[in-house]
Amino acid sequence: MASLKEVKGRIASVKSTQKITSAMKMVSSSKLRKAQSRIEHFLPYEEKLKDILDNFLSSENDFASPLTEQREIKSVAIIVLSSNSSLCGAFNHNIIRMLAEIRNSYAAQGVNSIAIYPIGKKVETSLTKAGIPIEGSYIELMDKPHFEGAKKLADLLINSFLEKTYDKVELVYNHFKSTASQPTLRTQFLPLDFQANTEIETLKRVDRKAERQIDYILEPSKIEIIESLIPKALRSKIFSILLDSAAAEQAARMIAMQMATENADVILEDLTIQYNKQRQQDITNELLDIVGGAEACK
């Protein structure tokens, strides 16, 4: 059994750790509010852009773009987002696990050309240690997500798809659904699937029916406007996912630190009980020694 000094040292160590986890929880909470604010400020722009593009596409049933071309999948690009630091629960583990499942799935289909674009230090380190080649390093995009970086990455992927370097581009990231929930999602970036978007936006279209009946005068042509809006929508998608993942990371870390703080309370309670029992036992032993000594002197 541990001595009183050892138990007392453990109690002090747990209390010190609890102060750290409690402080980290408050820091993550503050960062989460800022991340949510950035999302709330950007979403109206992205939604309006999607709204305009959707309105134009609804009246162009025969519209075709090189970015919508469905090809036989021989090469794939996967953009995977993680955090740059740890202590955020299963946030990074879920991403790495899903990435492994996707790679195995494509390998089973005979697709061996898989390019991975890691955004975040944790996934980049994991891939490097596993000896899996990566396409560039984008650690700074997770520290401070910025549109310029998102634009460069989106343009790189768009050009690669148009040049047929990749036949499909996917995104893997953690979505900020709520403070307690950050599900790992897998979405298709390229080729664009307007039909899928149309099904999702059906209810919104009903509300905008009167708006679409207006005969707009467009300059240049509607097709030219659509073709110019598509790259903007793709760039916005990359940036919105960066913001989404950043918010999910802070939410995951806040919950992890809260659980760590609560677990420290449980450990402290157990250690305190152990300390009191040990002290009581030591006092009892000392009393027995005193009584035994007194009896021996008689």
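Where is Pro191 found? Pro191 sits in the loop between β4 (184-190) and α6 (194-200), and a cis peptide bond, with omega about 0°, joins Leu190 to Pro191.

## About the model

Welcome to a predicted model, in which local features need pLDDT of at least 70 and side-chain atom pairs count only at pLDDT 80 or more, while totals for chains, interfaces and linings use all residues. Residues are numbered from 1 along each chain as its sequence is written, and side-chain values use heavy atoms, leaving out hydrogens and water.

## Overall layout

The protein chain holds nine helices and four strands. Both are DSSP runs numbered from the N terminus (helices are H or I with at least four residues, strands are E with at least two). Along the sequence, the elements follow the pattern α-β-α-β-α-α-α-β-β-α-α-α-α.

How does the protein chain compare with a compact globule of 298 residues, and what is its radius of gyration? Such a globule would have a radius of gyration near 19 Å, whereas the protein chain has 28 Å. The radius is taken over C-alpha atoms, and the globule rule is 2.2 Å times the number of residues to the power 0.38. Along its principal axes, the C-alpha trace of the protein chain spans about 115 × 45 × 30 Å.

## Helix packing

Let's turn to the helix pairs. Helix α1 (residues 4-58) and helix α9 (residues 222-297) have axes that come within 6 Å and cross at roughly 165°. Axes here are lines fitted to C-alpha atoms, for helices over the stretch in contact, and angles run from 0 to 180 degrees between N-to-C directions. α1 and α9 are therefore roughly antiparallel to each other. For these labels, angles under 35 degrees count as roughly parallel, over 145 as roughly antiparallel, 65 to 115 as roughly perpendicular and the rest as oblique. The crossing of α1 past α9 is left-handed (the near helix is turned anticlockwise from the far one by less than a right angle; clockwise would be right-handed). Residues of the contact of α1 with α9 divide into 32 nonpolar, 13 polar and 15 charged. In this grouping, Ala, Val, Leu, Ile, Met, Phe, Trp, Tyr, Cys and Pro are nonpolar, Asp, Glu, Lys and Arg are charged, and the others, Gly among them, are polar.

α9 also packs with helix α5 (residues 147-162), at an angle of about 125° and with their axes 8 Å apart. That makes α5 oblique to α9, and the crossing of α5 and α9 is right-handed.

## Around α2

Phi of Leu87 is near 60°, a positive value in a residue other than glycine. α2 packs with helix α3 (residues 121-129) at an angle of about 45°, with their axes 10 Å apart. α2 and α3 are therefore oblique to each other, and their crossing is right-handed.

By type, the lining residues of the second largest pocket divide into five nonpolar, three polar and seven charged.
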